[in-house]
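Me: I'm new to this one and would like to walk through it step by step. Could you show it to me before I start asking?

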Amino acid sequence: MPELAEVEFFRRRWDVGVGQKIAAVTLHSEKRIFRGNDFTTLTRVLPDARLLASEARGKQMLFRFSHDAWLGLHLGMTGELRHEPAEFSAGKHDHLVLAQARQSLVFSDPRLFGRVLFHYGASVPEWWSSLPSALTSDAFTLERMQAFLQRRARSPLKGVLLQQEFFIGIGNWMADEILWRAKLHPSRAAGQLTDEESRTIWKAVRFVCEGALRIVSKDYSDPPPSWLFRHRWEKGGRCPKDGSELGRATIGGRTTAWCAKCQPR
DNA sequence: GGAGTTGTTTAGGA
DNA sequence: TTCCTAAACAACTC
């Protein structure tokens with residue numbers, strides 16, 4: 001589920017607990033989402049710490065607590081955040097529960113592709129500060145994007161758009177949406193675009209990121225029917241622009257939908 | 001029962 | 001060396 005806007009939606013779900021202390025922490029520490037963590041410090045510091053603030057960048061979230069505690073969360077393929085009553089008891093897939101006086105903050109992830117990163121220190125953890133800048137920020141310039149496409153010149157556009165080291169937050173559906181709007185075939189090599197084409201893709205990245213954040217992160221609504229999103233998984237789905245049947249294939253390692261008419265090779 | 005899933009990491013080939 | 005692909009991870013649905 002979670003790409004850029006879905007992650008932002010889930011992050012806000014924990015806003016209800018901002019300003020309040022953690023009373024108890026329950027976790028399934030043996031699960032792989034916790035790998036690499038210092039549990040001794042985590043279980044000593046986090047209970048009794050107060051949730052101060054949070055932010056999302058791409059598909060990564062950072063929760064800041066008092067007592068120099070920081071929690072990074074990644075939702076993987078099936079993770080989600082929610083809140084439950086204070087005396088909630090964790091279900092099978094509820095791998096991290098932060099109990100507060102008024103509610104419990106829950107991180108669940110059936111498929112365990114997510115990640116929890118705990119950091120103890122006065123300043124922002126390195127794994128957060130080293131993330132690339134947001135695609136909706138001024139740092140996402142056409143020139144920087146073109147340079148990245150050239151470094152991945154022989155890869156299909158679809159695969160390059162999924163690379164989080166630059167296109168932070170873009171996932172499978174957003175990548176298809178961007179290429180459909182830019183009228184570019186997902187198999188086109190990243191290094192073979194004209195200036196006009198790369199400008200179009202740059203604009204489409206902006207449009208899809210901003211639109212998804214506006215529409216999806218508010219209340220998890222779907223984008224409108226004019227977006228490819230609404231048709232890409234339908235059986236016999238059709239292009240919302242010209243009504244022709246969508247193609248489907250594995251490109252860049254992921255299932256990809258496109259319109260053969262709008263997006264010629 | 002088999003295939004497929006909106007993500008990342010890693011091994012190994014090119 | 002650098003780039004690129006496929007498999008692995010794990011649980012669930014159709």
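This is a predicted model: local features need pLDDT of at least 70, side-chain atom pairs count only at pLDDT 80 or more; totals for chains, interfaces and linings use all residues.

Me: How much area do domain 1 and domain 2 bury between them?

Reply: The domain assignment of chain A gives domain 1 as 4–129 and domain 2 as 142–259. Of the area buried between these two domains, 70% is on carbon and sulfur atoms. The total comes to about 1100 Å².

Me: How many residues does the contact take from domain 2?

Reply: The C-alpha centres of domain 1 and domain 2 lie 30 Å apart. The contact takes 11 residues from domain 1. From domain 2, the number is 16.

Me: Which three residues supply more than any other three of the area that domain 1 buries against domain 2?

Reply: Start with the share: 48% of the area that domain 1 buries against domain 2 comes from these three. They are Leu 4, Glu 6 and Phe 9.

Me: At what angle do helix α1 and α7 pack?

Reply: Helix α1 covers residues 4–13, and its axis lies 8 Å from that of α7. The crossing of the two is right-handed. On the α1 side, the contact is made by Leu 4, Ala 5, Glu 6, Glu 8, Phe 9 and Arg 12. The packing angle is about 35°.

Me: How many charged residues does the contact of α1 with α7 have?

Reply: On the α7 side, the residues making this contact include Lys 218 and Asp 219. By class, the contact has seven nonpolar residues and one polar residue. The charged ones number five.

Me: Is α6 oblique or perpendicular to α7?

Reply: Helix α6 spans residues 172–182 and helix α7 spans residues 195–219, and their axes come within 8 Å. They cross at roughly 130°. That angle is why α6 counts, relative to α7, as oblique.

Me: How many nonpolar residues are in the contact of α6 with α7?

Reply: In α6, the residues that meet α7 include Trp 173, Met 174 and Ile 178. Among those on the α7 side are Ile 201, Val 205 and Phe 207. Besides one polar and two charged residues, the nonpolar count is 12.

Me: How are α4 and α7 placed relative to each other, roughly perpendicular or roughly parallel?

Reply: Helix α4 runs over residues 142–151, and its axis comes within 10 Å of that of α7. The two axes cross at roughly 110°. Therefore α4 and α7 are roughly perpendicular.

Me: Which residues in α4 meet α7?

Reply: α4 passes α7 in a right-handed crossing. On the α7 side, Asp 195, Ser 198, Arg 199, Ile 201 and Trp 202 take part. Their partners in α4 are Leu 142, Met 145 and Gln 146.

Methods: Residues are numbered from 1 along each chain as its sequence is written. Chains are lettered from A and ligands numbered from 1 in the order in which they are written. Side-chain values use heavy atoms; hydrogens and water are left out. Axes are lines fitted to C-alpha atoms, for helices over the stretch in contact, and angles run from 0 to 180 degrees between N-to-C directions. Helices (H or I, at least four residues) and strands (E, at least two) are DSSP runs, numbered from the N terminus. Angles under 35 degrees count as roughly parallel, over 145 as roughly antiparallel, 65 to 115 as roughly perpendicular and the rest as oblique. Contact means heavy atoms within 4.5 Å. Ala, Val, Leu, Ile, Met, Phe, Trp, Tyr, Cys and Pro count as nonpolar, Asp, Glu, Lys and Arg as charged, and the others, Gly among them, as polar. Domain bounds come from an automatic or database domain assignment. Buried area is the accessible area (1.4 Å probe) that two parts lose on being put together, summed over both. A crossing is left-handed if the near helix is turned anticlockwise from the far one by less than a right angle, and right-handed if clockwise.
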